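Hello,

Here is the model we talked about handing over. Please open it first, then read my notes below.

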Amino acid sequence: MPLIAPSLLASDFLRLGEESRMLNESVADWFHLDVMDGRFVPNISFGLPVISALRKSTTKVFDVHLMIEEPERYAEAFKAAGADNLTVHLEACRHLHRNLQQIRSLGMRTGVALNPHTPVESLFDLLDEIDIVCIMSVNPGFGGQSFIPQTLNRIRNLRKRIDENKLPTLIEIDGGVTLDNAREIVEAGTHVLVAGSTVFNAPDPIGMIRALKDCEG
Ligand code: DX5
Ligand code: ZN
């Protein structure tokens, strides 16, 4: 069964407390929190104060996805705000190995996100340092986009490498996950499904989270 990480980017910000309560009642495993700086991606979302406020509303894992330049400048602050997993983009890091050591030394799980054009092989020599590889299945910056089909081959390719080396690294898929494609995404080798609009636009978000978790039938 996949882990489910609803992305609060698609939640109702006016009712963030209630959205958090809903996730607490659901079988969601992680809160996926998308931070954007208007530089690495064209959009700006939310940041540290919102994450600190949410931290008081739940004990579930905070999976923070940084879509920002120079993420190393903020790792400590996100730890203090309550991040459990800190994901940085390979494309935003000139010294990724050092950045990952910094995140681990702060006591967080390390995540590396890859834009759709970045080969998964770029991380093959670094997988020992990475707890979570987040393969972007849309171009980062916005919710509600369509899943890029070539992602399935990327998942298979990375999963093969992880299994061959008996690594504990998790594969997370972010973008365009729906109830229609969740099963093939998991069958390709995914451990964690991020879902924004599919969860928060559903008439019954708790039921939708359950359905995504049970997508293998
Ligand atoms: C996109 C974000 C995603 C986004 C996914 O840049 O990283 O986490 O919220 O949204 P959906 O699930 O609607 O594609
Ligand atoms: Zn994300």
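How are α1 and α8 oriented to each other? They are oblique, a class for angles that are not under 35 degrees (roughly parallel), over 145 (roughly antiparallel) or 65 to 115 (roughly perpendicular). Helix α1 covers residues 16-25 and helix α8 residues 205-213, and they pack at an angle of about 40 degrees with axes 9 Å apart. Axes are lines fitted to C-alpha atoms, for helices over the stretch in contact, and angles run from 0 to 180 degrees between N-to-C directions. M22, L23 and E25 of α1 meet P205, I206 and I209 of α8. Contact here means heavy atoms within 4.5 Å. Helices (H or I, at least four residues) and strands (E, at least two) are DSSP runs, numbered from the N terminus.

A word on conventions. This is a predicted model, where local features need pLDDT of at least 70 and side-chain atom pairs count only at pLDDT 80 or more, while totals for chains, interfaces and linings use all residues. Residues are numbered from 1 along each chain as its sequence is written, chains are lettered from A and ligands numbered from 1 in the order written, and side-chain values use heavy atoms, without hydrogens or water.

Now the metal. H32 (NE2), D34 (OD), H65 (ND1) and D174 (OD) coordinate the zinc ion (ligand 2) at 2.0 to 2.3 Å. Donors are N, O and S atoms within 2.8 Å of the metal (3.2 Å for Na, K and Ca); water is not among the atoms, so sites may look incomplete. The site is octahedral, with six donor atoms and angles of 70 to 169 degrees. For six donors, octahedral requires opposite donors over 155 degrees apart and all others between 65 and 115. Along the chain, the donor spacing is H-x1-D-x30-H-x108-D. H65 sits in strand β3 (residues 61-67) and D174 in strand β7 (residues 170-174), so the pair ties together parts 109 residues apart in sequence. H65 is buried, at 1% relative accessible area. D174 is buried too, at 8%. Buried means under 20%, exposed over 50%, partly exposed in between (1.4 Å probe, protein chains only).

Two more residues. M67 is in strand β3 and is buried at 2%. Its contacts include D34, H89 and P140. T59 lies in the loop between α2 (48-55) and β3, and is exposed at 80%.

Best wishes

Methods:
Four donors count as tetrahedral if all angles lie between 85 and 135 degrees; four count as square planar and six as octahedral if opposite donors are over 155 degrees apart and all others between 65 and 115; anything else is irregular. Lists of a residue's contacts leave out its neighbours within four places in sequence.
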